[in-house]
Amino acid sequence: MAGFGGIKGLAFLLGVLSQASGSTMTVSVFTVTSKSAVLRWSRYEGALSYRVTASLRNSPIPVVFASFGQNTIMGSINSLNPNTQYTFRVEALGSLMNMLGDANVDGSTAPDVPTIDMASSKESQSITVEFTPVSGATSYILRAETNDGSFFSESTVPMSPGTVTNLQPYTDYILSVMSVNSAGRSQPSISVVAKTVLSSPQFNTSSPSNSSILVKWEPVNHAVLYSLSIIKDGSYSKSSINTTDTQVLFQDLEAGTLYCIKGNAWSPENIHGDDFTMCQITRSPSPQFISLVVTSTPDAGIVVSWNSTKGAEQYLALSLSGQNCSSSTNSCTLTPLRCGETNSVTVIAINKGGNSVPSYPVQIVSFPCPPQPIWVEEVVAGNCSLKWGPVPLAQYYTTFIKSDDGIEGTCNSTEPRCQFNCSCGYSYIMSVFAHNQAGPSPPGPLVNHTTLPCCPELTAVSAVSWETLMIQWSPVRGADLYETRAVDATETVLCNDTAPSCALSDLNCNSRYSVVVIPCNDVSGCNLTCRPQTHETAPCMPEITGVSQSNVSSVLVNWTSTNTAANYTVSLIGPVGNTLYCQSNGTSCKVPNLPCGSIYDVSVIASSSAGVSIPSYTIPLETAPCCPANLTVSQVTQAMTNVSWADAIGAQTYIASLSSPRGDAQCHTMDTECVMGCITCGTNYTVSLEAISHTGHKAECTYHGFSAGECCPSGIRLFRGTNNTLRVHWRSSSALTNYTAEVKGNGSPRVCSPAPGYSTCDVSEIVCGQVYSVVVAPLNRDGTKVPFCTSRMYSVSCVGSSVGMVLYRGKR
């Protein structure tokens, strides 16, 4: 039981802390060693102590035992045999050491403790341990630790020897071994102390030249000496050197050759540390026989070629202008190649040792740059000149010219220009290449040049109206648009169209226009060299200033005009088939033989070689009405007449007039007759008639004279005569007038006519007792009686059988 106080104390503590209790016990193996086992059980209620026994498996006889207090639930049992199967029993005891309860568990002890035979270090990070194997062990655990406790590790190995890794160089480690089976591990073996060897120097190699290798390293702690050896690849001969320095330069080596350098450090105990080998190739010799060729495919560049050098893994070609290319073969292409420069190229061989010395530079001249700027001059139509700026390093130039009809041409020159024929209305695409011994320049800018469109031929100008000219022409090559321009002294009229025809409207009349068709396109503009044509527009519209009827049958027309060279036609348009004309080169014209009572539209047209003007505004003309073919005047009463006439052409109203020195009579009517009073009897009248149109035009018509009848006598009296006669007496208005007296009763009328100058006559065979009407009337010159004298009524009384008194009874 000695040496187990610590474990018992732990068991006691665990027992105190445990809160488990009950009437049924359980037990388990917590851990084992080669000669001991730690058990864990549950608290049993009422127990004052616990007894633990160990019996060989299948044997009831305990071989060892241990006792524990009532508060303990974990304890160890010792003095067991290694690698042995046991049955462990825990008994709960009362105050009289009587068993209150128990529990069993089977278990095994770990294998026996191994013994270390030897521990040594051949590498700075590991120590190899040799030990004697033990029966029943399935593996072993190597334990390594430092004195200060800064390092502790355990490594599982299947058998001896075993190696502990991940150690520090030149460090003392305490080493022990434990055997392991399924039950657990044994106690550690008796420890031994071993030191790791020095770490290897970490070489950093380089090849300063193609015949040397420089080896450098950082100092190794505790090293007092370094050993290095070098051997050429494929050789069995090596050179060795010892040094206390931290670098070594190996010289007189072969260029481009692989060498391997091996080295280690020695400790003060004269034990060498880890070996370290580094292989280094020397730099390659400089490439020789450099060749340069300018190429343009697939990209412009310099093809550089050279002879292969020993040990080179890669080659690098460098140009003075900064281009570079690399290759693992003996050629590469420097791109991009800039035009117009002189360049030099060197080649370097590269391997893991570094870069070789550059080769001797080789000079080359690149192809020239593209000519630019490029422009076209066409000083004279049809003669073009393509020009460009001079190009450095260029020996000559080639110009390619292609027109839009597919025809191609070239032009070679040593000067920066090229002449070529360029027809109107064509488009040309041009490019220029500069050449030297390296080849042509890259394609320069393409220049498009479109010549001016051709001028139209056979341009036809015609007047389609008073103010419009129609211009037509054949389409011309190269024209996208046509500008038709008409210019006179005051204005410019434009017409833009894509069709080969144009109508210029709203032109000034009686003007000379310069008419030109200007073809244009979007690229080159308009051709302003086309020849114009002169064309005169029709005369301006005349303006009628007056239309006057100079007499009954003619009219005078006056107008204004700005064209003195024009001829003028006056038209009087009347009813269908009745149009009258007159012509003049002045500003007036007289039209004769106009019929009366007619209506005309008067207009004037000017004409010249340029055409016919717009007709003037129409002025209406109405001729005076016609006079009636006949007129009749009849006297109705002594002071009233009736005038009648036939219809007159063109007349709407009439004014009939009777004129005499003794007075006039007049009537205004729309009819064809008129009754006029206030006629003076026995007077000669002049008869006239005015026929008036609806616009007021008058026709003065004069007819034969009219004589009013003699005046009826006045103061008529009837006296009784003898022998049944009556005497009629009146007052005469004229001594030269002849009268007739008519007395009419029931029988035949009695008439008497006195001699001229007399105003009395007798009527016989009067019967008394009757009423008689008496009319005394003067006789006209043709002997007819004036019919409008009034009749008077008289009654004749009887005196016996003879005429008696005569009484006046009034007028009828």
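I started at a hairpin: strand 38 and strand 39 form it, with two residues between them. Strands here are DSSP runs (E, at least two residues), and helices are H or I runs of at least four, numbered from the N terminus. This is a predicted model, where local features need pLDDT of at least 70, side-chain atom pairs count only at pLDDT 80 or more, and totals for chains, interfaces and linings use all residues. Residues are numbered from 1 along each chain as its sequence is written, and side-chain values use heavy atoms, leaving out hydrogens and water.

I then checked the pairing. Strand 38 (residues 460-465) runs antiparallel to strand 39 (residues 468-472), and five bridges join them; pairing takes at least two DSSP bridges. S462 has M470 in strand 39 as its bridge partner.

Next, I looked up Y617. I found Y617 in the loop between strand 52 (611-612) and strand 53 (619-622). Y617 is exposed, at 62% relative accessible area (exposed is over 50%, buried under 20%, partly exposed in between; 1.4 Å probe, protein chains only).

Last, the whole chain. I noted one helix and 69 strands. The radius of gyration (over C-alpha atoms) is 81 Å, well over the 28 Å that the globule rule gives for 812 residues, so the chain is more spread out than a compact globule. That rule is 2.2 Å times the number of residues to the power 0.38. The C-alpha atoms fill a box of roughly 235 × 110 × 35 Å along the principal axes. Of the 812 residues, 43% count as buried.
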